[in-house]
Structure formats: structure tokens, C-alpha cells
Amino acid sequence: MKTVILDTCTVTKGDLDMSPLSAFGEVEYYDILTPEKIIEVLAFADAVVCNKSVIDRRIIDATNLKFIGVFATGYNNIDIEYAREKGIVVCNVPGYSTDSVTQVTWSFILELASSTSKYAKSVANGDWKKASYFTYFDFPITELAGKTLGIYGLGTIGLSVARVGLALGMKIIAYTRTPKTVEGIELVSEDELFKKSDFLTFHCPLNEKTAKIVNERTLSLMKPTAFLINTARGGVIDEQALADALKNGVIAGAALDVLTYEPMAEDCPLWGIDNCMITPHVAWASLESRTRLIGKVAGNLKAFYEGNPINVVNK
């Protein structure tokens, strides 16, 4: 059996032990490849594991794959319906990045509420040395206690984010496609979520329902003092609509770890906006998270090759 690992450079910079993936017959590792090169390297492969490389109908038809795995929980880069038609098993990795994404989400919320980096930059620029008394309040600081945290998507990560909010004394509201009863969390409609949130964070998959759920209409529902956080998928946001809302004071600010096009497109409308903080899709990428990821992908491969696949998303 032959397994091809794509997008290796998006998972490790030489800081991880990748050997668990090499325990299942012949294994080849590649970094980012063009679609044509992907077809070439998959010519004799039984299984492929990728991160964000697109495995579509064209690639499926040009190969004899039996298994497609992703180094991720999301799998919108895989044509899972066509893979099902062809009898190809597609497996993701749920749960590996919960702690990492929760931590980065809260680093965003805390920065938006406390302006810590702005004060640190001000001091580094010498402003405190020039101050006439012991402190200054040039940037806003907002207490989170008593504020409303809205969560779009109440899966594993959404629940983890909610627990931190509860510990900080926030009111938690959420919208979820699978209603559930969770102590301390009030379930609301989509529109209510946008209307009532002081901080609104997204933890949902990208699909037909969630694509551009953040748009001109839903942004207009939000408080002018509200902040938006996205560590899910960039496609849940209409980026031009958000850019306009930020520039025109419709909302107070945003913090984004994901964009519609990654890496960032030259003409990204959100680039350079003062009240929009952007990081390069790193919320998932702690060393601990990536180590768990390798172990879980290896587990998916092992289960498949033993005839009992797990974490299948296209049954």
C-alpha cells in the first residue's frame, strides 16, 4: 500500500516527529504542489493526506485513491460527495486543536477589550517617558464581566470558548444548528446573536448555510460597540461588507485568523484597516496541537488499512 502526504510544510517546520505516518507501507512526503503535480505523485497511491490542497473531481478521476485524509477538522477542500460516489473514504481529525483555538480566540478578545499591544507599543515608542504623570488612558479598556459573548457554532471549540467566558463573568448566548442544553448558555436565533453580542466569535464549518453569514445585513444588526472574531473559516465573512462596516463605524473592530483567500490576496479589502487585526491562520498551530494532529492522522490511516475506518465524513 502506498500513502502520499501533501502539504507537509503546512504542518511542520522540522519541529515534529512525522514517523507515525510512515508506519503503513510506502510513504512519500511533498510540500505544496500544483494540481498537475498532485495527479502525477498520486498515480500509484492508495491513500493521500493533505491540509488545504484541493482534491476535486479532476484529481479523483485521474487517480485510484481509496482513502483521502485531511490534516484538519474542516474538509471543504475535498469533493466528499464525488469521493463517496467513487467509494473513496474521506476522514478528518476532530478535536485536536480545541485548546489551541480557544486560547487564540481569547487572546483576540482580551486584546480587543484591553488594548494591551497598543499600550506596549506606546511605551516602546517612548510615550511613557514623556508623560506628565504616572499613567495615561489613550486607548480604551473594557471589562468583560457582564458583557455578552455571542458564539456562532456550539461544537467542541465553541463550548470550550464559552467555558472561559463564563469563568470571566460574561453572559453567553449562542446559535447552533444542533440545539443542546448547556448550563449558563442561552440559545438564540441568528439575528438575535448579531443584535445582542458585545463580542461575536465564529466556530462553525464553512458550508452553503454559513458562507458569508457575516454580510451587510447581519453586520447592520450589530451594536456599534461590538467586536467580531473569526477563527473558523474565512468564507463565513463577506470581506468587503466587513471592511465597509469597520471603516464606517458600524461595528467597533474585528480580529481574524482566517480569510477567504489564503495566503492573503493582494487586493484583500481588510488589509490595512486600523481596527481590524489579522493573523495568518495560526490559531490551530500550537506545537501541542500539531503533535496531536499527527497522532490522530496516523490513527485514521491505521484504522483504514485495518479495514475499520474512523472519523469518516462521507459515509
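Visitor: How do the residues lining the second largest pocket divide into nonpolar, polar and charged?
Guide: There are eight nonpolar, five polar and four charged ones. Ala, Val, Leu, Ile, Met, Phe, Trp, Tyr, Cys and Pro count as nonpolar, Asp, Glu, Lys and Arg as charged, the others, Gly among them, as polar. This is a predicted model, where local features need pLDDT of at least 70 and side-chain atom pairs 80 or more, while totals for linings use all residues. Numbering runs from 1 along each chain, and side-chain values use heavy atoms, without hydrogens or water.

Visitor: Which lining residues lie nearest the pocket's centre?
Guide: Glu111, Leu112, Lys118, Asp274 and Asn275, out of 17 in the lining. A pocket is an open set of 1 Å grid points where a 1.4 Å probe fits, with protein on both sides within 12 Å along at least five of seven lines; lining residues have an atom within 4 Å of a point.

Visitor: New topic: how many salt bridges are there?
Guide: The structure holds 13, counting a Lys or Arg side-chain nitrogen within 4 Å of an Asp or Glu carboxyl oxygen. One of them joins glutamate 36 to arginine 58, at 3.1 Å from N to O.

Visitor: What does arginine 217 pair with?
Guide: Aspartate 191, with the closest N and O atoms 2.9 Å apart. Arginine 217 is partly exposed at 46%, aspartate 191 at 27%.

Visitor: And lysine 86, what does that meet?
Guide: Aspartate 61, in a salt bridge of 3.8 Å, N to O. Lysine 86 is partly exposed at 47%.

Notes: Buried < 20%, exposed > 50% of the residue type's maximum accessible area, 1.4 Å probe, protein only.
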